[in-house]
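Please load the model in your viewer and keep the selection panel at hand. The tour below moves from one selection to the next and says what is to be found at each stop.

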Amino acid sequence: MNITLRQLKVFERVARRLSFTRAAEELYLTQPAVSMQIKQFEENIGLPLFERLGKKIYLTRAGEELYQLSRKISEQLDEAEHLIEELKGIEGGRLCVTVASTIHYFGIRLLAEFCRRYPKVKVSFKVTNRKGLMQQLEDNEADIVLMGQPPDDQDLKFEPFLENPLVLIAPAEHPLAGKQKIPLSDLQHENFIMREQGSGTRTSVERFFSERNIQINTSMEMNTNGAIKQGVEEGLGLAIVSIHTLERELESGRVVVLDVETFPIRRQWYIVHRTGKRLSAVAREFSEFVRNEAHLFVREDIIKAALGKSM
Ligand code: PGA
């Protein structure tokens with residue numbers, strides 16, 4: 001049999017997702033390339049591995065057996081990669097970090113300093129929302145993930161490393177700007193721009209209002225903090241975002257933080273990895289760096305001024 005590691009990898013992903021399209025997206029391949037790999041794999045083996053019923057694909061008996069085996073092979077390959085990383089030490093190592101879209105503002109600064117200290121480290125730095133982060137952890141695709149508090153029922157090790165206050169922002173000329181202790185009930189007259197489904201910020205905001213039995217009007221949904229901030233500036237609505245996304249806007253006075261009762265919503269940033277994951281020397285060093293020094297990379301002066309006495 002002429003099976004290649006590449007075929008095995010593509011097969012494993014299609015089998016895991018039961019979708020050629022999703023496998024292609026995740027492997028950064030075109031769908032015809034994925035179909036071709038699977039076709040060659042099936043020809044090499046001499047048995048069909050998938051069957052199609054309507055729009056769905058299913059694993060055949062042979063596919064099922066091979067899927068279990070290919071998962072074990074993937075684990076062994078990870079193990080080999082880990083060993084090689086360990087032998088290379090920090091300087092020659094590779095670091096795969098994925099961070100929440102909300103974190104990347106100071107995350108990039110953190111990374112820049114780490115790379116100054118260890119210029120030979122090769123880095124993969126991915127940015128996605130909470131849903132994407134959970135997927136990355138499940139797929140074992142990141143050494144370290146920086147995100148909001150992960151759920152307790154997954155096989156994850158996590159530790160808080162920084163406060164993440166969520167604040168309510170408005171354009172500087174908004175009638176509520178400058179008012180003190182605005183009652184939560186006043187927000188019912190406002191329109192809000194909300195992050196997309198799958199965002200951790202959005203989940204926290206929804207939980208916060210539903211716990212207080214307050215209904216807010218979501219006039220618009222946007223999937224980046226950058227777009228939301230610009231939307232607020234342009235008067236499309238108010239929004240609730242992490243203070244860490246706001247340094248530039250607050251400094252220039254383009255948006256203001258409203259003083260609303262019970263705000264900010266208090267969250268924390270966590271450093272996360274899978275429980276069984278053996279971190280490489282460079283991943284361990286990066287974790288230590290985040291734990292000990294992350295607070296130095298956020299603008300405390302701007303944050304304190306914006307939050308006033310509420311923290
Ligand atoms: P985000 O934040 O999905 O809103 O960017 C991630 C998180 O809170 O876990």
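How many aromatic pairs does the count come to? With rings of Phe, Tyr and Trp (its six-membered ring) pairing if their centres lie within 6.5 Å, the count comes to twelve aromatic pairs. Select Phe-208 and Phe-209 to see one of them: the ring centres lie 5.1 Å apart and the planes stand at 85°, so this pair is edge-to-face, given that planes under 30 degrees apart count as stacked, over 60 as edge-to-face and the rest as tilted. A further selection, Phe-114, Tyr-118, Phe-286, Phe-289 and Phe-297, shows one aromatic cluster.

Before going on, note that this is a predicted model, in which local features need pLDDT of at least 70 and side-chain atom pairs count only at pLDDT 80 or more, while totals for chains, interfaces and linings use all residues. Residues are numbered from 1 along each chain as its sequence is written, and side-chain values use heavy atoms, with hydrogens and water left out.

Now show the whole protein as a cartoon, which gives eleven helices and twelve strands; these are DSSP runs numbered from the N terminus, with helices being H or I of at least four residues and strands E of at least two. The C-alpha atoms fill a box of roughly 75 × 50 × 30 Å along the principal axes. Of the 311 residues, 46% are buried, where buried means under 20% relative accessible area, exposed over 50% and partly exposed in between, with a 1.4 Å probe and protein chains only.

Next, select helix H7, residues 200–211, whose twelve residues reach 16 Å from the first C-alpha to the last, close to the 16 Å expected at 1.5 Å a residue; the expected span is 1.5 Å times one less than the number of residues. Phe-208 and Phe-209 of the edge-to-face pair are among the buried residues of H7, as are Gly-200 and Val-205.

Move to helix H1, residues 5–17, which has 13 residues and reaches 18 Å from its first C-alpha to its last. Its buried residues, including Leu-8, Phe-11 and Val-14, pack against several elements, among them helix H2 (20–26), helix H3 (31–45) and helix H4 (61–88). Just after H1, Leu-18 takes a positive phi of about 50°.

Tyr-28, in the loop between H2 and H3, has a phi near 55° and is exposed, with a relative accessible area of 68%. Lys-181, in the loop between S7 and S8, has a positive phi of about 45° although it is not a glycine, and this residue is exposed at 61%.

Is Lys-229 buried or exposed? Select Lys-229 in helix H8 (residues 225–233): this lysine is buried, with a relative accessible area of 4%, and the residues that Lys-229 touches include Tyr-105, Ile-169 and Glu-249, not counting residues up to four places away in sequence.

For the last stop, select Phe-263 and Pro-264, where the peptide bond is cis with omega near 0°; Pro-264 has its place in the loop between strand S11 (255–257) and strand S12 (268–274).

Conventions
Contact = heavy atoms within 4.5 Å.
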